[in-house]
Amino acid sequence: MSSKQIRNLLITIAVGVVIWFLPVPNGITDQAWHLFAVFVSTILGFILAPLPIGAVAFLGVTIAALTGVITTSVAISGFGNSTIWLIICAFLLARGFIKSGLGRRIAFLIIKAIGKSSLSLGYAITLSDFIISPATPSSTARAGGIIYPIIRSLSSALGSEPGPTARKFGAYIMQIEYQANAITCAMFMTAMAGNPLIVELAEKTIGVQITWGNWALAAIVPGLLSLLLMPYLLYKLFPPEITDMPHAKTMAIEELDRMGPMSPMEIKIAVIFVGALVLWATSELTHLNATLVAMIAVGVLLLLSVLTWDDALAEKGAWNTMFWMGSLITLAGVLAKSGFVKAVSTMAGEAILSAGLSWLAAFALLAIIYVYSHYAFASVSAHIGAMYAAFLAVAVAVGTPPLLAALSLAGLSNLMIPLTHYGGGAAPILYGADFVSQGKWWQLGFIITTVNVIIWLGIGAIWWKVIGLW
């Protein structure tokens, strides 16, 4: 370990120890307080990263069991959670989508159709991410494995490289994809690996069941408005030097010619993709939950040899996610059951209520704090695990309708990703391409995120009224 990692590890441990030995507040049991200490230390470990996130989470749940805060059987219970297996299957579905080449084909077809200028190409990339997003629950896979190679090649074809020529086109299109990726993550339960955790926490915290269908219905209007506005807003705030894009369509045609007709593997994944979408969207009719649908899809991929078992074993992201999210689900679930979250949310709710705020004003305040606290997190899923349940409980305590609170905070959990260059899984790839400076990245991230929050809490609230969420 480096000296920085050792320092961060000591800070992580020290914070947990200090909280452990602080006086236990009224209304909270000793066990719940000690579990909170372990939980805070684990989340701090996610942020400071003295070890990989999976190792930090596994150590957190191990220490909880070692100190007697939870039993060993409870400690490992999260790894058998259906949410975990939905995420694993989602990674494998994404692998099939990338391996088959169908994702690249869809993107090039869109570019061929509407890639006539830098602005229209921005919309083409945005549309590509939108179409692919429901079937690629790894935003990193979507942005890095499918879209990034395309926009990087386009930038080079237009003579835009990191450095003096970055502003020709590359800087603009890297920001387009990062912003689009965050919005599409907010629109579908299966568009980001941390979203199923939201579903799990909503049910455990306030007893609300979020389905694929009601998530998509709630997000469709504000999400489409954000997707429509974002490329134009970036075009005005951060315009590329090249406005006409004569090579984009040509490049797309050449790439499609090289790819040839759809391969049998692409056809198979396309059929499975559509089938999974139909089953996810009709879960209330079929009574098939999202995990079972994903398992069926992966099973068919294996049977049809679109994926091999070696492909599944090599998908490190899936197994890494199983470790850290399984541990986090265990700690968050037990913490909620201990009464800690309820006690704290009740106290916070009483404080907000005593200020004389209506539930609308109180929820808006909670939402703003929730979004902009993301500056302190290097992982969306860590932010969700640390704060979603608590803020959801407080929102309900001040009078916010439960399903409205659950779904709106779910969307905001993704819209906050672009605030920083480390705010989501796609960031290291797109920011690491070195087309945009950190200062400009943060500036644009703050502006676009703020606009999206206004859209979702403003126009989105009107839509949520129409569909009966409040």
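Buried means a relative accessible area under 20%, exposed means over 50%, and partly exposed is what lies in between, with a 1.4 Å probe and protein chains only. By that rule glutamate 200 is buried, because its relative accessible area is 12%.

Before going on, the model itself. This is a predicted model, in which local features need pLDDT of at least 70 and side-chain atom pairs count only at pLDDT 80 or more, while totals for chains, interfaces and linings use all residues. Residues are numbered from 1 along each chain as its sequence is written, and side-chain values use heavy atoms, with hydrogens and water left out.

Back to glutamate 200. It sits in helix α10, residues 195-206; helices here are DSSP runs of H or I with at least four residues, strands are runs of E with at least two, and both are numbered from the N terminus. Setting aside residues up to four places away in sequence, glutamate 200 touches Asn81 and Thr83, where contact means heavy atoms within 4.5 Å.

Next, threonine 126. This residue belongs to helix α7, residues 118-132. Is threonine 126 buried or exposed? Threonine 126 counts as buried because its relative accessible area is 4%. Its side chain reaches the backbone oxygen of glycine 122 at 2.8 Å. A polar contact is a pair of N or O atoms within 3.5 Å; within protein, one must be able to donate a hydrogen and the other to accept it, and residues adjacent in sequence count only if both atoms are side-chain atoms. Apart from its neighbours within four places in sequence, threonine 126 is in contact with Ile176, Ala180, Leu227, Met230 and Pro231.

Isoleucine 269 is in helix α13, residues 264-281. Which residues does isoleucine 269 touch, not counting those up to four places away in sequence? They are Gly96, Phe97, Ser100, Leu102, Leu301 and Val306. For scale, the C-alpha atom of isoleucine 269 is 38 Å from that of threonine 42, and 227 residues separate the two along the chain.

Two packed helices are described by the angle between their axes and the distance between the axes. Axes are lines fitted to C-alpha atoms, for helices over the stretch in contact, and angles run from 0 to 180 degrees between N-to-C directions. Angles under 35 degrees count as roughly parallel, over 145 as roughly antiparallel, 65 to 115 as roughly perpendicular, and the rest as oblique.

The axes of α2 and helix α17, residues 316-337, come within 10 Å and cross at roughly 150°. The two helices are therefore roughly antiparallel. Their crossing is left-handed; left-handed means that the near helix is turned anticlockwise from the far one by less than a right angle, and right-handed means clockwise. From α2 the contact takes Ala32, Leu35, Phe36, Val38, Phe39, Thr42, Ile43 and Phe46, and from α17 it takes Trp324, Leu328, Leu331, Ala332, Val334 and Leu335. By class that gives 13 nonpolar residues, one polar and no charged. Nonpolar here covers Ala, Val, Leu, Ile, Met, Phe, Trp, Tyr, Cys and Pro; charged covers Asp, Glu, Lys and Arg; the others, Gly among them, are polar.

Now α8, residues 139-157, and α9, residues 170-187: they pack at an angle of about 160°, with axes 10 Å apart. This pair is therefore roughly antiparallel as well, and the crossing of α8 and α9 is right-handed. Among the residues in the contact are Arg142 and Arg152 of α8 and Glu177 of α9. The contact of α8 with α9 divides into seven nonpolar, five polar and three charged residues.

The last pair is α11, residues 212-237, and α24, residues 459-466, whose axes come within 9 Å and cross at roughly 150°. That makes α11 roughly antiparallel to α24. The crossing is right-handed. Leu217, Ala218, Ile220, Val221, Pro222 and Leu225 in α11 meet Ile459, Gly460, Trp463 and Trp464 in α24. Their classes are nine nonpolar, one polar and no charged.

Finally, two loop residues. Alanine 49, in the loop between α2 and α3, has a positive phi near 55° though it is not glycine. Alanine 49 counts as partly exposed because its relative accessibility is 40%. Aspartate 434, in the loop between α22 and α23, also is not glycine and has a positive phi, near 70°. At a relative accessible area of 52%, aspartate 434 is exposed.
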